[in-house]
Amino acid sequence: MNRAKTALKRIVNRMGFEMVRIPKAGAPGSRPEHEITRPIATYSPWNRDAAFLQAHADIASHTLVDIYRCFELWQLVEQSAKLDRGSLIEIGVWRGGTGALIARRAAACGIPETVYLCDTFAGVVKAGGRDSLYRGGEHADTNRGIVEDLLRNRLGLGNAEILEGVFPDETGRRVEHLAFRFCHIDVDVYQSARDIIGWIWERMVPGGILVYDDYGSYNCGGVTAHVEEQRACRDRLLIHNLNGHAIVVKR
Ligand SMILES: C[S@@+](CC[C@H](N)C(=O)[O-])C[C@H]1O[C@@H](n2cnc3c(N)ncnc32)[C@H](O)[C@@H]1O
């Protein structure tokens with residue numbers, strides 16, 4: 001995705017909309033693999049959660065993720081507080097929006113462990129043949145300073161640590177001794193997502209929650225393919241959420 005497209009996407013997001021590519025119709029009479037999903041439920045607890053709304057307003061200019069998925073992260077971090085132990089980690093931080101939201105919720109829920117925020121700060125890596133849109137280098141319009149400024153100066157958060165570099169290849173060793181209760185994977189492509197779960201799975205505590213962003217997105221076919229590969233694994237529960245998240249819970 002080029003810079004102009006990323007900027008347009010952010011403007012559209014801020015207006016409360018999501019930019020999606022409408023897939024071409026399949027052969028006449030066939031049912032499409034992708035179509036716009038329109039859930040009919042109307043319950044909207046994010047509108048009544050004052051702490052969330054404030055937190056979201058504080059990070060909205062630093063995220064590409066819509067309010068529904070932000071609220072789900074907010075709620076799932078709270079759920080992970082029921083587990084006895086484990087750090088939290090996000091891979092795919094960009095300008096720090098969802099990472100700061102996770103850190104803020106973790107602090108408010110009394111989770112004592114650190115939230116690790118991992119990014120190359122040089123854009124997407126490991127794009128390949130399984131990926132529908134990404135070619136590598138997208139989302140490089142950020143840097144570590146932007147995220148540090150958001151965390152420390154604007155939000156006053158002291159429970160997050162940045163790991164700069166390709167994860168897990170370059171930075172995994174810094175946290176290899178830890179157990180994890182929560183992991184947000186927002187890396188856009190197949191091979192990165194696959195390498196991350198290959199590294200973190202044995203370090204997730206039972207009941208630990210992994211959230212994949214962009215699952216089901218037409219632009220991120222590699223992420224969807226990677227999640228589908230886990231569907232038959234007996235050591236995890238996999239939930240397809242229509243909002244563009246896949247949620248995996250370790251048994
Ligand atoms: C879509 S952006 C993340 C969006 C962010 N979560 C937000 O709140 O808007 C994807 C990010 O993943 C990073 N990334 C992709 N693969 C990575 C990897 N293996 N290690 C570290 N960062 C990675 C890219 O640099 C990019 O900043």
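How many helices and how many strands are there in the chain? I counted seven helices and seven strands, where helices (H or I, at least four residues) and strands (E, at least two) are DSSP runs numbered from the N terminus.

**Entry 1: ground rules.** I noted that this is a predicted model, in which local features need pLDDT of at least 70 and side-chain atom pairs count only at pLDDT 80 or more, while totals for chains, interfaces and linings use all residues. Residues are numbered from 1 along each chain as its sequence is written.

**Entry 2: the chain as a whole.** Read from the N terminus, the elements run α-α-α-β-α-β-α-β-β-α-β-α-β-β. I then looked up the radius of gyration, which is 17 Å and close to the 18 Å that the globule rule gives for 251 residues, so the chain is as compact as a globular protein of that length. The radius is taken over C-alpha atoms, and the rule is 2.2 Å times the number of residues to the power 0.38. Along the principal axes, the C-alpha atoms fill a box of roughly 55 × 40 × 35 Å.

**Entry 3: the sheet.** I traced an open sheet of seven strands in the order β3-β2-β1-β4-β5-β7-β6, with mixed pairing; two strands pair if DSSP finds at least two bridges between them. At the edges stand β3 (160-164) and β6, each with a single partner strand, so one side of each is left without a neighbour in the sheet. Neighbouring strands are turned by 15 degrees against each other on average, direction ignored.

**Entry 4: strand pairs.** β2 and β3 run parallel and are joined by five bridges; Cys-118 has Leu-163 in β3 as its bridge partner. I also recorded that β2, helix α5 (residues 144-154) and β3 make a right-handed β-α-β unit: with the strands pointing away from the viewer, the path from the first strand over the helix to the second runs clockwise. Strand β5 (residues 204-213) pairs with β7 (residues 245-250) in the antiparallel sense over five bridges, and Ile-209 stands opposite Val-249. Strand β6 (residues 236-241) is also antiparallel to β7, over six bridges, with Ile-239 opposite Ile-247. These two strands, β6 and β7, form a hairpin with three residues between them, and Gly-244 in the turn has a positive phi of about 100 degrees.

**Entry 5: two helices.** I examined how α6 meets helix α7 (residues 221-228): their axes come within 8 Å and cross at roughly 35 degrees. Axes are lines fitted to C-alpha atoms, for helices over the stretch in contact, and angles run from 0 to 180 degrees between N-to-C directions. The contact (C-beta atoms, placed from the backbone, within 7 Å) involves Tyr-190, Ala-193 and Arg-194 of α6 and Gly-222, Val-223, Ala-225 and His-226 of α7. I sorted these residues into four nonpolar, two polar and one charged. Here Ala, Val, Leu, Ile, Met, Phe, Trp, Tyr, Cys and Pro count as nonpolar, Asp, Glu, Lys and Arg as charged, and the others, Gly among them, as polar.

**Entry 6: the ligand.** Which residues come nearest to the ligand? Of the 22 residues around the ligand, I listed Thr-63, Gly-92, Gly-97, Thr-98 and Val-187 as nearest; a residue is near if its C-beta atom, placed from the backbone, lies within 6 Å. The shell has 11 nonpolar, eight polar and three charged residues. α4 (97-108) and β2 (115-119) each supply at least two residues of the shell.

Notes:
Two residues are in contact if their C-beta atoms, placed from the backbone, lie within 7 Å.
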